[in-house]
Amino acid sequence: MSADSNPGNHTTEHTNPTADGRELIRFDKVTKRFGDNTVLDNLDFTVAAGKHVTLIGPSGSGKTTILRLLMTLLKVDEGTIRVDGDYLTHEEKGGKLVPAGERHTREVRKKIGMVFQQFNLFPNMKVLRNIMEAPVHVLGLGKDEAEQRARELLDLVGLGDRCDAYPTQLSGGQQQRVAIARALAMRPQVLLLDEVTSALDPELVAGVLDVLRDIAHTTDITMLCVTHEMNFARDISDDVLMFDAGRVIESGSPDKIFSDPEHERTREFLSAVL
Ligand SMILES: Nc1ncnc2c1ncn2[C@@H]1O[C@H](COP(=O)(O)OP(=O)(O)OP(=O)(O)O)[C@@H](O)[C@H]1O
(Lines give C-alpha, C1' and ligand atoms only; values in the text may rest on other atoms or scores of the structure.)
Protein backbone atom coordinates (compact mmCIF):
# COMPACT_ATOMS: atom_id res chain seq x y z
CA MET A 1 0.00 0.00 0.00
CA SER A 2 2.77 2.44 0.80
CA ALA A 3 4.01 4.58 -2.06
CA ASP A 4 7.64 4.15 -1.06
CA SER A 5 9.69 3.07 1.90
CA ASN A 6 8.31 5.87 4.08
CA PRO A 7 5.72 4.15 6.28
CA GLY A 8 3.82 7.44 6.65
CA ASN A 9 3.37 7.85 2.91
CA HIS A 10 0.04 6.44 1.78
CA THR A 11 -1.19 6.27 -1.77
CA THR A 12 -4.52 4.95 -3.03
CA GLU A 13 -3.91 2.52 -5.82
CA HIS A 14 -6.74 0.01 -6.04
CA THR A 15 -8.38 -0.63 -9.37
CA ASN A 16 -11.29 1.63 -10.24
CA PRO A 17 -12.46 1.70 -13.84
CA THR A 18 -13.34 5.40 -13.63
CA ALA A 19 -9.96 6.53 -12.39
CA ASP A 20 -7.35 7.82 -14.80
CA GLY A 21 -4.55 7.44 -12.26
CA ARG A 22 -3.99 11.19 -11.92
CA GLU A 23 -3.22 12.43 -8.43
CA LEU A 24 -6.02 14.65 -7.19
CA ILE A 25 -5.05 15.31 -3.58
CA ARG A 26 -1.55 15.39 -2.22
CA PHE A 27 -0.52 16.12 1.35
CA ASP A 28 3.25 16.57 1.70
CA LYS A 29 4.68 16.60 5.22
CA VAL A 30 1.66 18.43 6.60
CA THR A 31 1.80 19.44 10.24
CA LYS A 32 -1.08 21.13 12.01
CA ARG A 33 -0.97 22.25 15.62
CA PHE A 34 -3.46 23.85 17.95
CA GLY A 35 -1.25 25.44 20.58
CA ASP A 36 1.05 22.66 21.74
CA ASN A 37 -1.34 19.97 20.52
CA THR A 38 0.14 18.53 17.32
CA VAL A 39 -2.95 17.23 15.55
CA LEU A 40 -1.36 16.23 12.24
CA ASP A 41 2.22 15.17 12.34
CA ASN A 42 4.28 15.37 9.15
CA LEU A 43 1.44 13.74 7.22
CA ASP A 44 1.90 12.43 3.68
CA PHE A 45 -0.90 10.95 1.66
CA THR A 46 -2.35 11.07 -1.83
CA VAL A 47 -5.71 10.31 -3.38
CA ALA A 48 -5.94 9.39 -7.06
CA ALA A 49 -8.69 10.75 -9.30
CA GLY A 50 -11.93 8.81 -9.12
CA LYS A 51 -11.09 7.02 -5.88
CA HIS A 52 -13.30 6.92 -2.83
CA VAL A 53 -11.20 7.09 0.29
CA THR A 54 -12.49 6.84 3.85
CA LEU A 55 -10.67 8.09 6.91
CA ILE A 56 -11.33 6.15 10.09
CA GLY A 57 -9.85 6.36 13.54
CA PRO A 58 -10.54 7.32 17.13
CA SER A 59 -12.10 10.62 18.11
CA GLY A 60 -9.54 13.40 18.05
CA SER A 61 -7.14 11.62 15.67
CA GLY A 62 -7.26 14.49 13.16
CA LYS A 63 -9.71 13.29 10.48
CA THR A 64 -11.92 16.36 10.39
CA THR A 65 -8.85 18.60 10.53
CA ILE A 66 -7.76 17.11 7.18
CA LEU A 67 -11.08 18.03 5.56
CA ARG A 68 -11.02 21.51 7.10
CA LEU A 69 -7.52 22.09 5.75
CA LEU A 70 -8.74 21.10 2.29
CA MET A 71 -11.63 23.56 2.59
CA THR A 72 -9.07 26.19 3.72
CA LEU A 73 -11.07 26.69 6.91
CA LEU A 74 -7.73 26.03 8.62
CA LYS A 75 -4.14 26.71 7.57
CA VAL A 76 -1.24 24.27 7.67
CA ASP A 77 1.66 25.07 10.00
CA GLU A 78 4.13 23.16 7.86
CA GLY A 79 4.02 21.27 4.58
CA THR A 80 1.99 21.68 1.42
CA ILE A 81 -1.33 20.50 0.03
CA ARG A 82 -1.97 20.17 -3.70
CA VAL A 83 -5.29 19.65 -5.46
CA ASP A 84 -5.10 18.32 -9.01
CA GLY A 85 -1.50 19.50 -9.21
CA ASP A 86 -2.17 23.06 -7.97
CA TYR A 87 -0.92 24.15 -4.59
CA LEU A 88 -3.81 24.96 -2.27
CA THR A 89 -1.66 26.21 0.57
CA HIS A 90 0.91 28.06 -1.51
CA GLU A 91 1.40 29.77 -4.82
CA GLU A 92 4.42 30.15 -7.02
CA LYS A 93 5.74 33.69 -7.36
CA GLY A 94 9.02 34.54 -9.08
CA GLY A 95 10.02 30.88 -9.03
CA LYS A 96 9.44 30.67 -5.26
CA LEU A 97 6.71 29.01 -3.24
CA VAL A 98 4.97 31.53 -0.98
CA PRO A 99 1.85 31.20 1.20
CA ALA A 100 -1.25 31.39 -0.99
CA GLY A 101 -3.16 34.64 -1.27
CA GLU A 102 -6.95 34.76 -0.94
CA ARG A 103 -7.55 34.91 -4.71
CA HIS A 104 -5.37 31.91 -5.49
CA THR A 105 -6.96 29.90 -2.67
CA ARG A 106 -10.46 30.72 -3.94
CA GLU A 107 -9.60 29.42 -7.42
CA VAL A 108 -8.12 26.13 -6.24
CA ARG A 109 -10.91 25.60 -3.70
CA LYS A 110 -13.48 25.62 -6.51
CA LYS A 111 -12.33 22.08 -7.24
CA ILE A 112 -13.58 20.95 -3.83
CA GLY A 113 -17.08 20.50 -2.46
CA MET A 114 -17.92 19.62 1.11
CA VAL A 115 -20.92 18.30 2.98
CA PHE A 116 -20.82 19.04 6.71
CA GLN A 117 -22.28 17.28 9.72
CA GLN A 118 -24.69 20.19 10.21
CA PHE A 119 -26.29 20.85 6.86
CA ASN A 120 -25.51 24.60 6.83
CA LEU A 121 -28.25 25.50 4.35
CA PHE A 122 -29.31 29.13 3.98
CA PRO A 123 -32.52 29.18 6.07
CA ASN A 124 -34.04 32.17 4.30
CA MET A 125 -33.72 30.66 0.80
CA LYS A 126 -35.89 28.03 -0.80
CA VAL A 127 -34.25 24.72 -1.65
CA LEU A 128 -33.76 25.54 -5.35
CA ARG A 129 -32.04 28.82 -4.55
CA ASN A 130 -29.83 27.22 -1.93
CA ILE A 131 -28.42 25.07 -4.72
CA MET A 132 -28.23 27.79 -7.39
CA GLU A 133 -26.58 30.41 -5.20
CA ALA A 134 -22.93 29.40 -5.50
CA PRO A 135 -22.99 28.38 -9.19
CA VAL A 136 -24.44 31.81 -10.04
CA HIS A 137 -22.37 33.95 -7.67
CA VAL A 138 -19.10 32.02 -7.54
CA LEU A 139 -18.94 30.38 -10.97
CA GLY A 140 -20.86 33.11 -12.80
CA LEU A 141 -23.29 30.59 -14.33
CA GLY A 142 -26.41 32.01 -16.01
CA LYS A 143 -29.59 31.69 -13.93
CA ASP A 144 -31.33 29.33 -16.38
CA GLU A 145 -28.37 26.99 -16.54
CA ALA A 146 -27.94 27.05 -12.76
CA GLU A 147 -31.62 26.31 -12.27
CA GLN A 148 -31.53 23.40 -14.69
CA ARG A 149 -28.48 22.02 -12.91
CA ALA A 150 -30.16 22.44 -9.52
CA ARG A 151 -33.32 20.67 -10.68
CA GLU A 152 -31.32 17.73 -12.07
CA LEU A 153 -29.42 17.42 -8.81
CA LEU A 154 -32.59 17.57 -6.75
CA ASP A 155 -33.92 14.69 -8.85
CA LEU A 156 -30.68 12.82 -8.22
CA VAL A 157 -31.09 13.13 -4.43
CA GLY A 158 -34.79 12.25 -4.62
CA LEU A 159 -36.17 15.70 -3.86
CA GLY A 160 -37.31 16.89 -7.27
CA ASP A 161 -40.70 17.80 -5.80
CA ARG A 162 -39.34 19.99 -2.96
CA CYS A 163 -37.78 22.87 -4.94
CA ASP A 164 -40.01 25.46 -3.32
CA ALA A 165 -39.68 24.31 0.27
CA TYR A 166 -37.65 26.21 2.85
CA PRO A 167 -35.04 24.14 4.73
CA THR A 168 -37.06 24.22 7.97
CA GLN A 169 -39.93 22.50 6.16
CA LEU A 170 -37.72 19.48 5.46
CA SER A 171 -36.52 16.63 7.68
CA GLY A 172 -32.85 16.54 8.66
CA GLY A 173 -32.25 13.76 6.13
CA GLN A 174 -33.89 15.78 3.36
CA GLN A 175 -31.86 18.85 4.34
CA GLN A 176 -28.69 16.82 4.15
CA ARG A 177 -29.66 15.57 0.69
CA VAL A 178 -30.13 19.20 -0.38
CA ALA A 179 -26.67 19.93 1.03
CA ILE A 180 -25.25 17.09 -1.08
CA ALA A 181 -26.95 18.53 -4.19
CA ARG A 182 -25.61 21.97 -3.31
CA ALA A 183 -22.04 20.68 -3.05
CA LEU A 184 -22.36 18.84 -6.39
CA ALA A 185 -23.81 21.93 -8.12
CA MET A 186 -20.31 23.44 -8.17
CA ARG A 187 -19.15 20.40 -10.21
CA PRO A 188 -16.24 19.81 -7.83
CA GLN A 189 -13.57 17.27 -8.62
CA VAL A 190 -13.49 16.15 -5.01
CA LEU A 191 -16.38 15.70 -2.63
CA LEU A 192 -15.52 15.85 1.08
CA LEU A 193 -17.98 14.21 3.45
CA ASP A 194 -17.58 14.96 7.14
CA GLU A 195 -19.68 12.63 9.27
CA VAL A 196 -22.69 13.62 7.23
CA THR A 197 -25.15 11.41 9.11
CA SER A 198 -23.98 12.11 12.68
CA ALA A 199 -26.58 14.80 13.34
CA LEU A 200 -29.49 12.76 11.95
CA ASP A 201 -32.17 10.76 13.71
CA PRO A 202 -31.37 7.07 13.16
CA GLU A 203 -34.32 6.45 10.84
CA LEU A 204 -33.08 9.16 8.45
CA VAL A 205 -29.52 7.87 8.08
CA ALA A 206 -30.18 5.14 5.50
CA GLY A 207 -31.80 7.53 2.98
CA VAL A 208 -28.78 9.83 2.99
CA LEU A 209 -26.29 6.97 2.76
CA ASP A 210 -28.24 5.44 -0.14
CA VAL A 211 -27.98 8.70 -2.08
CA LEU A 212 -24.22 8.81 -1.45
CA ARG A 213 -23.81 5.16 -2.41
CA ASP A 214 -25.58 5.95 -5.66
CA ILE A 215 -23.31 8.91 -6.35
CA ALA A 216 -20.24 6.86 -5.51
CA HIS A 217 -21.26 4.03 -7.81
CA THR A 218 -22.61 6.03 -10.76
CA THR A 219 -20.28 9.05 -11.04
CA ASP A 220 -16.52 9.40 -11.33
CA ILE A 221 -16.24 12.00 -8.57
CA THR A 222 -13.39 11.57 -6.13
CA MET A 223 -14.56 11.24 -2.52
CA LEU A 224 -12.79 11.75 0.76
CA CYS A 225 -15.03 10.68 3.56
CA VAL A 226 -14.94 10.74 7.35
CA THR A 227 -17.58 8.44 8.77
CA HIS A 228 -18.43 6.23 11.69
CA GLU A 229 -20.75 4.19 9.42
CA MET A 230 -18.46 1.25 8.80
CA ASN A 231 -20.85 -0.66 6.51
CA PHE A 232 -21.13 2.40 4.32
CA ALA A 233 -17.34 2.77 4.33
CA ARG A 234 -17.03 -0.86 3.27
CA ASP A 235 -19.53 -0.38 0.44
CA ILE A 236 -18.11 2.73 -1.18
CA SER A 237 -14.40 2.81 -0.40
CA ASP A 238 -11.55 1.90 -2.68
CA ASP A 239 -9.25 2.59 0.24
CA VAL A 240 -9.52 3.04 3.97
CA LEU A 241 -6.93 5.01 5.92
CA MET A 242 -6.70 4.32 9.64
CA PHE A 243 -5.60 7.36 11.65
CA ASP A 244 -4.17 7.48 15.08
CA ALA A 245 -2.68 10.57 16.71
CA GLY A 246 -2.41 12.50 13.46
CA ARG A 247 -0.71 9.79 11.42
CA VAL A 248 -1.91 7.12 9.03
CA ILE A 249 -0.96 3.93 10.81
CA GLU A 250 -2.49 1.52 8.30
CA SER A 251 -4.24 1.68 4.94
CA GLY A 252 -5.69 -0.73 2.41
CA SER A 253 -8.82 -2.02 0.76
CA PRO A 254 -11.93 -2.17 2.96
CA ASP A 255 -11.74 -5.98 2.91
CA LYS A 256 -8.22 -5.87 4.25
CA ILE A 257 -8.79 -3.19 6.89
CA PHE A 258 -12.13 -4.48 8.17
CA SER A 259 -11.44 -8.22 7.92
CA ASP A 260 -7.73 -8.57 8.46
CA PRO A 261 -6.16 -5.45 9.99
CA GLU A 262 -2.48 -5.64 10.77
CA HIS A 263 -2.15 -2.95 13.39
CA GLU A 264 -3.17 -3.55 17.01
CA ARG A 265 -4.67 -0.02 17.23
CA THR A 266 -6.83 -0.73 14.16
CA ARG A 267 -8.08 -3.98 15.73
CA GLU A 268 -8.89 -2.17 18.98
CA PHE A 269 -10.68 0.65 17.18
CA LEU A 270 -12.74 -1.70 14.98
CA SER A 271 -13.71 -3.93 17.89
CA ALA A 272 -15.06 -0.83 19.65
CA VAL A 273 -17.12 0.44 16.70
CA LEU A 274 -18.24 -2.67 14.79
N1 LIG B 1 -10.26 24.87 16.29
C2 LIG B 1 -9.62 24.09 17.16
N3 LIG B 1 -8.95 24.61 18.22
C4 LIG B 1 -8.28 23.82 19.08
N5 LIG B 1 -8.20 22.47 18.98
C6 LIG B 1 -8.85 21.90 17.95
C7 LIG B 1 -9.59 22.66 16.99
N8 LIG B 1 -10.11 21.81 16.06
C9 LIG B 1 -9.73 20.58 16.45
N10 LIG B 1 -8.98 20.62 17.57
C11 LIG B 1 -8.37 19.47 18.24
O12 LIG B 1 -7.67 18.72 17.26
C13 LIG B 1 -7.76 17.33 17.52
C14 LIG B 1 -8.27 16.62 16.26
O15 LIG B 1 -9.60 17.02 16.01
P16 LIG B 1 -10.42 16.45 14.78
O17 LIG B 1 -11.77 17.08 14.85
O18 LIG B 1 -9.65 16.59 13.53
O19 LIG B 1 -10.51 14.91 15.15
P20 LIG B 1 -11.39 13.77 14.52
O21 LIG B 1 -10.49 12.63 14.28
O22 LIG B 1 -12.16 14.29 13.37
O23 LIG B 1 -12.37 13.44 15.74
P24 LIG B 1 -13.94 13.03 15.74
O25 LIG B 1 -14.02 11.63 15.19
O26 LIG B 1 -14.31 13.11 17.19
O27 LIG B 1 -14.66 14.06 14.90
C28 LIG B 1 -8.65 17.18 18.73
O29 LIG B 1 -7.81 17.03 19.85
C30 LIG B 1 -9.39 18.49 18.81
O31 LIG B 1 -9.71 18.82 20.13
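Predicted model: local features only at pLDDT ≥ 70, side-chain atom pairs only at ≥ 80, totals over all residues.
## Around the ligand

Who's in the shell? F34, N37 and V39 are there, along with G57, S59, G60, S61, G62, K63, T64 and T65. Sorted by class, that shell has 8 polar residues, 2 nonpolar ones and 1 charged one.

## Overall build

The protein chain folds into 9 helices and 13 strands. Its radius of gyration is 19 Å, close to the 19 Å from the globule rule for 274 residues, so the chain is as compact as a globular protein of that length. If you're setting up a box, the C-alpha atoms fill roughly 55 × 50 × 40 Å along the principal axes.

Of the 274 residues, 41% count as buried. Look at contacts with a separation of 6 or more, and 66% of them link residues 24 or more positions apart.

In soluble globular proteins, nonpolar side chains tend to be buried together. Here the largest nonpolar core has 71 residues, and those with the most contacts inside it are I131, I180, A181, L192, L193 and L224. Domain 1 (9-111 + 188-273) and domain 2 (120-187) each contribute at least three residues to this core.

Leaving out residues up to four places away in sequence, I131 touches A150, L153, L154, V178, A181, R182 and A185.

Key:
Residues numbered from 1 in each chain as written. Helix = DSSP H or I, 4+ residues; strand = E, 2+ residues; numbered from the N terminus. Rg over C-alpha atoms; globule rule 2.2 N^0.38 Å. Buried ≥ 20, exposed ≤ 12 C-beta atoms within 10 Å, placed from the backbone. Contact = placed C-beta atoms within 7 Å. Near = placed C-beta within 6 Å. Nonpolar A, V, L, I, M, F, W, Y, C, P; charged D, E, K, R; others polar. Core = buried A, V, L, I, M, F, W, Y, C linked by C-beta atoms within 7 Å. Domains from an automatic or database assignment.
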